[in-house]
Amino acid sequence: MLGHYLILSAILFSIGLFGALSRRNGVVILMSIELMLNAANLALVSFSKYLVSQPVSGQAFVLFILVVAAAEVTVALAIVMEIYRSHQTIDVTNVDLMKW
Amino acid sequence: MEIETILPELVLAAAATVSLFLSSRKALWLGVGGLTAAIVLVTLSWGEEISGGFLIRDNFSWFFNLIFLGSALLVLLASRLDLILREREYPALIIFSTIGMTLLSSSNDLVSIMLSLELTSIPLYVMAGLGRDKKSAEASLKYALLGILASAVLIFGMVFVFGFTGETALPKIAQAVSKAEVNPGLIAGLFLMIGGFGFKIAALPFHMWAPDVYEGAPTEVTTFLSTASKAAGLAVLVRILSAFEAPVWLDWGMVLAILSALGMTIGNLVAIHQTNIKRMLAYSGIAHTGYILIGVASLGMDGAALSNTIFYIVAFALSDMASFLSVIAISSNIGSDDIADYAGIARHSPLVALVISLGLISLAGIPLTAGFLAKLYIFTGALDSGLSWLVIVAIINTVISAYYYFKVIKVMWFDEPLKVNRVTVSFLLGLALLVSSAGILVMGIAPSLIMNALGQISLPF
Amino acid sequence: MLSTYTQLGLFLLVVLLLAGLVLALPVILRPTGISPKKPNPLKGEPFECGMETIGPTWIRFNFHYYFFALIFLAIDVSTIFLYLWAIQAEEFGKNGILAISIFFIPIVIGYAYAWYKGALQWK
C-alpha cells in the first residue's frame with residue numbers, strides 16, 4: 001500500500017518539477033511548485049501511516065508545510081504583481097534585463 | 001524549554017515589530033539597538049549549552065549567531081539613507097531574516113530547520129525587490145521563484161529522511177542512520193536536501209540565481225545575502241551533514257568535493273569576464289563557496305575541519321562585507337556599478353579605494369589578510385584528510401582568481417580618472433567600513449584570537 | 001521493516017532522473033532540429049482547458065483586493081492550528097488557552113499593522 005502512495009507522490013513531484021522548470025508563466029510556475037509541496041505532504045502522511053512508529057511528528061510536519069507553502073505563495077504572488085506593474089508581462093522569459 | 005533559549009530572538013522580534021509602527025529614522029535606531037542588545041546577550045551566553053525541544057543552543061550556534069547579528073548590524077548601519085527613508089519596513093525585514101538565521105543555526109529538528117529557513121528566505125525575497133526599479137523587481141522574482149523551488153526540493157528530501165529514519169529530531173536521525181542498511185531512499189533524501197541548501201549558499205549547480213539577484217538587488221541587500229545568508233546555509237548544512245556522519249555507503253564527502261571543484265573552477269573562470277563589479281563579486285562568491293565546501297567535505301575525516309571551515313566563513317564574510325560596503329559607497333556617488341567607471345577612484349578618495357582593495361586582496365588570499373590564513377588552514381586540513389587532488393585544483397584557482405581581483409585594483413589605482421567625482425562617505429558607513437577592514441587585518445595578523453574561540457566549538461554527534 | 005522498502009527508494013531515484021532527463025532532452029536535441037522552440041500564446045496560458053478567455057486577462061481591477069486576500073490567507077491558515085488546539089481544548093486547560101493566545105499575538109500585530117497602513121480601507 002505504501003508503495004502506491006509513494007509512487008503517486010514521486011510522480012506528482014516530477015510533474016511539478018518539470019512544470020516549474022519548463023513553464024514560462026510566473027503563476028503557472030508557482031502552481032507547479034505547489035504540486036511539489038503537496039507531493040511532499042502526501043509522502044509524509046503515508047509514511048506516518050504505514051512506516052513510522054510515532055506518527056504525530058510526521059502529521060505535525062504536514063501542517064507546518066501547508067503554512068509555509070501559503071506564506072511563500074503569498075509573497076511570490078505579490079512579487080509577480082510587482083513584475084506585472086513594472087514589465088507589463090508575467091512571462092519569465094521576457095523578464096530578462098539580466099541574463100540568467 | 002526555558003525562555004532564555006530564545007531570549008535574543010524575543011528581543012529582536014520585539015524591536016522589529018515595534019519598529020514597524022515608528023518613523024523611518026526611529027525604526028533604524030530601534031533596529032540597531034535591538035541587534036546590539038542581541039549581540040550582548042549572545043556574547044554573554046558563550047559557553048552555555050541549552051537544549052530544548054526543536055532548538056539547541058551550543059557554542060556552534062552562538063558563534064554563528066554572532067556572525068549573523070554582526071553582519072545584519074553592519075548592513076543596517078551602512079544602508080543608504082534614501083532607501084531607509086523610502087522603505088519603512090526595511091529594518092524590520094532585515095531583523096526578521098536575522099531571527100530566521102539565528103534559529104536556523106540552532107535548529108535541532110527537521111521541522112524547525114524548515115520553518116526557520118523560510119523565515120530567513122521570505123524577507124529576503126521581498127528585500128531583493130526594494131530597489132523599486134525594473135532590475136530590482138526582476139531580481140526579486142527570480143530569487144523568489146527559484147528559492148521556493150529549492151525549498152520544495154529541500155522539503156521533499158526532508159520527507160524521505162523522515163520516512164526512512166522515522167524521526168525528525170537530528171540526534172535521533174543520527175542514531176537511526178548509523179544503524180541503517182544501504183538505503184537508496186535515504187541517499188535520495190540527503191542529496192535532495194544538499195541540493196536545497198546548495199541553492200541557499202549558491203554552490204555551483206544551484207547558483208544560477210546569484211549573479212542576477214546580486215546585480216539587481218539594492219547593494220545593501222546583496223551584502224546581506226552574500227555574507228549572512230550564505231553563512232546561515234552553511235551552518236545548517238554542516239549541522240545536518242554531521243548527523244549523517246556514520247555510514248560508509250553514504251559518501252557525501254566525495255559529492256561535496258566534486259561540487260566544490262566545479263564551483264571554484266567555473267566561478268573563477270566566469271568572474272574574469274564580468275564588467276559589473278556586483279556580478280564579479282557574485283561569481284567570486286560562488287567560487288568561495290567552493291573553497292568552503294573543501295572544508296565541509298573533509299568534516300568526517302579531519303578533526304580540525306570544523307574550526308577551519310568556520311574560520312573561512314568568517315574571513316570570507318568580512319572580506320566580502322568590506323568589498324560590498326565600499327561598492328555601496330562608490331556606486332552611490334558615481335552612479336554606476338561598472339568596473340570601467342571605477343577608473344582612478346583612488347586619486348580622489350584613497351581611503352575608500354584602500355578598503356575595497358583590502359577586501360579584494362583578502363578574497364584573493366594574499367598574506368597578512370584573513371583570506372590567506374583561511375585558505376592555508378583549509379588547504380592543509382584537506383591535505384591531511386587525503387583530498388590532495390582537490391587542493392591542487394584549489395591552488396590553481398587561487399592563482400586564476402588573483403587576476404580579476406587585481407584587475408579591479410589596477411583600474412582604481414593606476415587608470416586615468418574618467419570623471420572627477422569625490423566619494424563622500426557618511427559617518428555610519430565609514431564606521432562599518434572601518435570595522436570590517438579592521439576585522440580582516442586582525443584575523444590576518446592574530447588568528448589565534450578567533451581560533452581559540454573556534455577550538456571550543458564541537459558538534460554533538 | 002524499513003529494508004523492505006529500499007527498492008522504493010531506488011524507484012524514487014529513477015523517477016527523479018527521468019524528470020531531469022525530460023528537462024535536459026529538449027536542450028540537447030534543439031541543435032538537431034528534432035525539438036524546435038516554438039512559443040505561442042496558447043502555450044503560455046495559465047489554464048489549458050475550459051472556456052477561452054475574452055479580452056485581456058489582466059484587466060485593471062482594484063489593487064486592494066490583494067490586501068484583503070492576503071489578510072484573509074493569514075487568518076485562514078492560522079485556523080489550521082486552532083483546530084488542533086480545539087479538539088483537545090479541555091485536556092490542555094488553562095495552559096492551552098495561554099499558548100494559543102501567545103500564538104495569535106503575531107497575527108493580531110500583523111492585522112493591526114495592515115490596518116495602520118490603511119490596507120483595510122476600500123478606495
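How many residues of chain A are in contact with chain B, and how many of chain B with chain A? Select the two chains together: 36 residues of chain A touch 30 residues of chain B. Keep in mind during the tour that this is a predicted model.

**Chain A, the side that touches chain B**

Stay on chain A and colour its helices. H1, H2 and H3 of chain A each give at least two residues to the side that touches chain B. Now select H3(A), which gives the most to that side, with 17 residues. Colour the side of chain A that touches chain B by residue class: 28 residues are nonpolar, 6 polar and 2 charged.

**Chain A, the side that touches chain C**

Next, show chain C beside chain A. This contact takes 24 residues from chain A and 19 residues from chain C. On chain A, the elements that give two or more residues to it are helix H1 (2-22), helix H2 (26-50) and helix H3 (55-87). By class, the side of chain A that touches chain C has 17 nonpolar, 5 polar and 2 charged residues.

**Chain B as a whole**

Hide chains A and C and look at chain B. Chain B has 20 helices and 2 strands. Its C-alpha trace spans about 70 × 55 × 40 Å along the principal axes. Buried residues make up 63% of the 461 residues in chain B. Of the contacts in chain B between residues at least 6 apart in sequence, 79% join residues at least 24 apart.

**A helix pair in chain B**

Two packed helices are described by the angle between their axes and the distance between the axes. Select residues 277-297 of chain B, helix H13, and residues 388-414 of chain B, helix H18. The two helices pack at an angle of about 160 degrees, with their axes 11 Å apart. Because of that angle, H13(B) is roughly antiparallel to H18(B). The crossing of H13(B) and H18(B) is left-handed.

Show side chains for the contact:

- From H13(B): Ile277(B), Met280(B), Ser284(B), Ala287(B), Tyr291(B) and Ile294(B).
- From H18(B): Leu390(B), Ala394(B), Asn397(B), Ser401(B), Tyr404(B) and Val408(B).

The residues of this contact of H13(B) with H18(B) divide into 9 nonpolar, 3 polar and no charged.

Conventions. Residues numbered from 1 in each chain as written. Chains lettered and ligands numbered in written order. Predicted model: local features only at pLDDT ≥ 70, side-chain atom pairs only at ≥ 80, totals over all residues. Helix = DSSP H or I, 4+ residues; strand = E, 2+ residues; numbered from the N terminus. Buried ≥ 20, exposed ≤ 12 C-beta atoms within 10 Å, placed from the backbone. Contact = placed C-beta atoms within 7 Å. Nonpolar A, V, L, I, M, F, W, Y, C, P; charged D, E, K, R; others polar. Axes fitted to C-alpha atoms, helices over the stretch in contact; angles between N-to-C directions. Parallel < 35°, antiparallel > 145°, perpendicular 65-115°, else oblique. Left-handed = near helix turned anticlockwise from the far one by under 90°.
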